Amino acid sequence: SGGAELDHKLLKFLVEDFMNENQVDIIKDKQAMSKFRKEANRLKVVLSTNDEAISTAQTKIVQIKGVYKGIDYSREIKRSQFEATADDLKVRFVIPLHTCLVKAGLTFEDVTSVILMGGASQTPMIQRTVKATVGEGKVAFDVNADEAAVIGASLSRQVKTKDIEVSDICMYDIQASYTADPEEGGPSKIITSTIFPPSSKAGSTKTLTFKKKDDFSISDHSQGIFEAKISGVAEAIANLTEKGVLEPVIKTTITLSESGFVSVSDAIAIGEVEQDLIKAHTVKSSRDTISLRRSDGTEWAVEELIAMQFSHVKELAESVAGEKVKDVTVTVPPFYTQAEHDAVVDAAEIADLRTLALVNDGTAVTINYAMTRTFPEPEIHVIYDPGASAIQTTLVEFSTVESTGKGKPKPYTQVRWSGIGSQIAQVPG
C-alpha cells in the first residue's frame, strides 16, 4: 500500500470519469491508459502541494489534443476528491507501524519520534494519518525526505572504518522450507527448518543436504526473504550414478550477506564410491530476465534500462566533481530479493560503475540521522517509508556512549536498528 497505490486510485478515478462523460471504453487502449497513468502520477504530486489542479491529459502526457479518438479531457479536481478515492487505504498506512512495535515489544509511548522519509511521505493524507496514530508531536519533519537516504548511503562507507565499531547481525530467525518427496501413496509434506537463528552474524553460511532426484525450490515462508530454484538436479544425479555412486545427495550452501539478505550461493550433487568423493555441479538458482519491448521491435532488458539511469547520474556527478566517477553505493528497499540485487549490480556494471554496497533505505536514513545529532539519553525512533509498492518501517535506538579502547575515551553515538537485517554501529559524536 505505497505511493503506487495512490496513483492507481487516482488513475481509476480519472479514467472512469472520462469514460462516463464520453460513453467510451478505453481500458484496453494502451496509449490512452498510458496518458492517464502518467497524468495520475503528476496530479498526485501537484495535489500534495496545491488545493486544486487542472488535469489536462493531452497537453501534459503527449503533445496532441486528443486523448482518445480525438476526444480531449479536462476537469478540475480538488485534493479532497483525490483523498476520498483513497480513503480505504488509511488503515493500511499505519499497519506497519503497529506491527513494528508489537514485534519489538514496545508501544508508541516508548517512541521519541516517527521520522518520515521517501517521496510519498509528503502526501498530506499520509502525514495526517500517521499523526493521528502516533500523536501530533511525535512526527519528525526535520529530515529531508529526498536527500536523507542518499547522504546516509554515502556516509555508510565511512562507518566501515577501523575507528568505528560495527557488528552486523540478523534480527529474525530465517527458515528454509521445501517440499519433501511423498512416500508411496502418501501426500507431499512441507519441511521447515531454521537456518539462521536471531543474532546470526552477517557473512554466515549454512549447508543443507537434500536427497532429491529432480529440480526443487527452497524458500523462506516466515519472512518471504528469499526463494531459489535448484535446477539441473536430474542430470547431475545421473552423472554420478553412471560413475557408481549409490546414494548421491544435493548439498546447497545458503549465505547471509552483510546487508542481511539470504541467497543460495552454491549447489552440488555429491556422493562416495570406494572412499573417493565425486562431485557434479548442478545449475545454480537463476533469475528470469524481464525486458521491455517497444512497438518498433526495440527491446531492452531491465538491467539495461537501469543502466541508462546510472549512466545519466554518472554524467551529472562527473560534471559537478570535475573527475571520473568509478564507484557507486546504491540504496534499495529492504524487501528486494537476491535476484533484484543482482540486477542492480549488473546494471551498474553495464554503466561502468563498481558497486561498493547495496544499502537498505532505512539504514541509510538512520546513519544520516545519527551523524548529525547527539543523544544525551537513549532514544527510540521509527523510520517510516511509504515507498512506491510497500510501506517499510525501521525501528532505531540511538544513545551516546564512550569508547572503551586505548587512550582518552571519546563520545560515540551508538545505533541499533532493525529491518530485515540489523546493525549495531558506533558513529563519532
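Here are some numbered notes on this predicted model, from the whole chain down to single residues.

1. Ground rules. The model is predicted, so local features need pLDDT of at least 70 and side-chain atom pairs count only at pLDDT 80 or more, while totals for chains, interfaces and linings use all residues. Residues are numbered from 1 along each chain as its sequence is written, and side-chain values use heavy atoms, with hydrogens and water left out.

2. Overall make-up. You'll find 11 helices and 21 strands in the chain. Both are DSSP runs numbered from the N terminus: helices are H or I with at least four residues, strands are E with at least two. Of the 429 residues, 44% are buried. Buried stands for under 20% relative accessible area, exposed for over 50%, and partly exposed for what is in between (1.4 Å probe, protein chains only).

3. Surface and contacts. The accessible surface of the chain is about 23400 Å², and carbon and sulfur atoms hold 50% of that. Areas come from the Shrake-Rupley method with a 1.4 Å probe, and for residues only the protein chains shown count as cover. Among contacts in the chain with a separation of 6 or more, 60% are between residues 24 or more positions apart. A contact here is heavy atoms within 4.5 Å.

4. A closer look at I26. Setting aside neighbours within four places in sequence, I26 is in contact with V15, F18, M19, A32, M33, F36 and Y68.

5. Helix α6 and its surroundings. The buried residues in α6 are P124, M125, I126, Q127, T129, V130 and V134. They pack against α1, α4 (79-85), α5, β3, β4 (139-140) and β18. Just after the helix, G135 has a positive phi of about 110°.

6. α5 on α6. The two axes come within 9 Å and cross at roughly 50°. So α5 is oblique to α6. On the angle classes, under 35 degrees is roughly parallel, over 145 roughly antiparallel, 65 to 115 roughly perpendicular, and the rest oblique. The axes themselves are lines fitted to C-alpha atoms, for helices over the stretch in contact, with angles from 0 to 180 degrees between N-to-C directions. K90, F93, V94, L97 and H98 of α5 make the contact with M125, I126, T129, V130, T133 and V134 of α6.

7. α9 on α10. For α9 (residues 302-321) and α10 (residues 338-350), the axes come within 8 Å and cross at roughly 55°. That is why α9 counts as oblique to α10. On the α9 side, E303, E304, I306, A307 and F310 meet A343, V344, D346, A347, A348 and I350 of α10.

8. Q23, in the loop between α1 and α2, has phi near 55°, a positive value in a residue other than glycine. Q23 counts as exposed because its relative accessibility is 68%. D352 is not a glycine either, yet its phi is positive at about 65°. This residue is found in the loop between α10 and β17 (354-360), and D352 counts as exposed because its relative accessibility is 58%.

9. D327 in strand β16. D327 is found in β16 (residues 327-332). With a relative accessible area of 33%, D327 is partly exposed. How far apart in space are D327 and T355? They are 5.9 Å apart, C-alpha to C-alpha, and 28 residues apart in sequence. Not counting residues up to four places away in sequence, D327 touches L353, R354 and L356.
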